Structures are given as structure tokens and as C-alpha cells.
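Me: I would like to go through this model step by step. Please keep the terms plain, as I am new to this.

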Amino acid sequence: MNLSFLDKWRRRPDAAGAVPLAESVRADPGSVVELFSACELLRDQAAAAGVELDDSQRSLEALDQLQPVWRDDPEVLPWLGNDAGLYLGTVVVRTVRGAVWQVRPDGRPVVRLGSGREIDVVAAGREWADEGAPELCQVYAEVAEG
């Protein structure tokens with residue numbers, strides 16, 4: 001995976017010349033889409049259950065139907081929730097006109113819609129992993145509608 005924004009971010013000579021991750025991401029938005037779409041833990045869990053993650057709304061619906069076996073593992077739960085949020089954001093960015101990834105100054109990735117509204121997809125993914133609600137396809141439908 002060639003992620004040029006990471007190279008720029010790592011190449012800072014000292015703290016005074018540091019380039020914040022958010023600025024590096026703005027310089028190469030294509031790389032951030034690739035990075036955030038990796039979601040390896042979620043993809044492994046989905047594949048084990050026979051669900052193909054193809055960056056579509058249909059795949060979000062399939063994820064919502066999975067048995068939440070990850071809730072039994074406190075080590076996996078937060079990571080899977082994070083991946084679920086990043087995957088939700090990936091689907092939104094790839095299918096909703098005007099949606100883009102944005103990294104807040106605190107390092108938190110969000111999806112910004114064409115209207116300017118920001119969606120904290122990672123928080124939504126964590127809630128889904130923890131409680132099953134809101135469903136990923138429901139969050140997507142609300143975002144795509146607006």
C-alpha cells in the first residue's frame with residue numbers, strides 16, 4: 001500500500017517542523033481513502049461469516065445481520081467497532097456524492113458531506129459493535145438521504 005501522506009508526515013525533522021497528520025491527509029486524499037478502507041479485522045470477521053465487503057450499501061446490510069461474536073472478546077470489540085466505522089465511512093465516501101474524508105485536528109477521522117455536515121463514523125461503528133444500534137445501513141440511509 002503506497003500511502004504518500006504517511007511518508008510526508010514521518011519526514012518531519014523536529015517537533016517545530018512537524019506536519020500534522022490532518023495536513024498530510026489533505027495533501028493526498030486518495031491515500032487516506034485507501035488507508036481507511038483497509039479495515040482488516042472487520043474484513044476477516046465478515047469473510048469468516050461468508051460476507052463479502054464490496055463497499056456497497058448491501059454489504060452494510062449484511063454486516064448488520066452478523067452474529068455479534070466479537071462482543072465476547074473485550075480485546076477485539078473496540079478494534080472491530082473502529083473498523084466498522086471506517087468501513088461505513090468508506091462506503092459513504094465512495095457512494096455519496098460530495099462526501100470526503102476529513103481528519104480533525106485531534107486526529108479523529110470523520111466524513112464531511114457536501115452540505116458541510118460532519119459524520120463521526122467511528123463513533124457510529126463503535127456503537128454498532130457494542131450495542132448493535134444504530135445499524136450501519138440505517139446510518140448510511142440517513143446520510144445518503146441528506
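**Loops, core and sheet**

Me: Is Cys 39 buried or exposed?
Reply: Cys 39 counts as buried because its relative accessibility is 4%. Buried means under 20% relative accessible area, exposed means over 50%, and partly exposed lies in between, with a 1.4 Å probe and protein chains only.

Me: What sort of model is this?
Reply: This is a predicted model, in which local features need pLDDT of at least 70 and side-chain atom pairs count only at pLDDT 80 or more, while totals for chains, interfaces and linings use all residues. Residues are numbered from 1 along each chain as its sequence is written, and side-chain values use heavy atoms, with hydrogens and water left out.

Me: How many residues score at least 70, as a percentage?
Reply: In this chain, 82% of the residues score at least 70, and the average pLDDT is 86. The pLDDT is the predictor's confidence in each residue, from 0 to 100. Residues 12-18 fall below 50, and beyond near neighbours in sequence this stretch has 3 contacts in the model. A contact means heavy atoms within 4.5 Å.

Me: Back to Cys 39: where is it?
Reply: Cys 39 lies in the loop between α3 and α4. Helices (H or I, at least four residues) and strands (E, at least two) are DSSP runs, numbered from the N terminus. The phi of Cys 39 is near 40°, a positive value in a residue other than glycine. Most residues other than glycine have a negative phi, and most peptide bonds are trans.

Me: Which loop holds Asp 55?
Reply: Asp 55 is in the loop between α4 and α5, and its phi is also positive, at about 65°, although it is not a glycine. With a relative accessibility of 16%, Asp 55 counts as buried. Ser 56 is found in the loop between α4 and α5 as well, and it counts as buried because its relative accessibility is 15%. Leaving aside residues up to four places away in sequence, Ser 56 touches Tyr 87 and Val 91.

Me: Which residues does a cis peptide bond join?
Reply: That bond joins Ala 133 and Pro 134, with omega about -5°. Pro 134 lies in the loop between α7 and α8.

Me: New topic. How many helices and strands does the chain have?
Reply: The chain has 8 helices and 3 strands. From the N terminus, their order is α-α-α-α-α-α-β-β-β-α-α. Of the 146 residues in the chain, 42% are buried.

Me: How many residues are in the largest nonpolar core?
Reply: The largest nonpolar core has 39 residues, and those with the most contacts inside it are Leu 63, Leu 88, Val 92, Trp 101 and Val 111. Such a core is a set of buried Ala, Val, Leu, Ile, Met, Phe, Trp, Tyr and Cys residues joined through side-chain atoms within 4.5 Å. The largest share, 9 residues, comes from α6.

Me: What does Leu 63 touch?
Reply: Apart from residues up to four places away in sequence, Leu 63 touches Leu 42, Ala 46, Leu 53, Tyr 87, Trp 128 and Leu 136.

Me: What angle do α5 and α8 make?
Reply: Helix α5 (residues 57-64) packs against helix α8 (residues 136-145) at about 145°, with the axes 7 Å apart. Axes are lines fitted to C-alpha atoms, for helices over the stretch in contact, and angles run from 0 to 180 degrees between N-to-C directions. In this contact, Gln 57, Leu 60, Glu 61, Leu 63 and Asp 64 of α5 meet Leu 136, Cys 137 and Tyr 140 of α8.

Me: What about the sheet: what is the strand order?
Reply: The order is β1-β2-β3, in an open sheet of 3 strands with antiparallel pairing. Two strands pair if DSSP finds at least two bridges between them. Strands β1 and β3 (118-119) are at the edges with a single partner strand each, so one side of each has no neighbour in the sheet. Helix α6 packs on the sheet and touches β1 and β2, and its direction makes about 135° with that of β1.

Me: How many bridges join β1 to β2?
Reply: There are 4 bridges between β1 and β2, and 2 bridges join β2 (residues 109-112) to β3. Val 111 in β2 is the bridge partner of Trp 101, and Val 111 also stands opposite Ile 119 in β3.

Me: Which residues form the covered face of β1?
Reply: Trp 101 and Val 103 form the covered face, whereas Val 100 and Gln 102 form the uncovered one.
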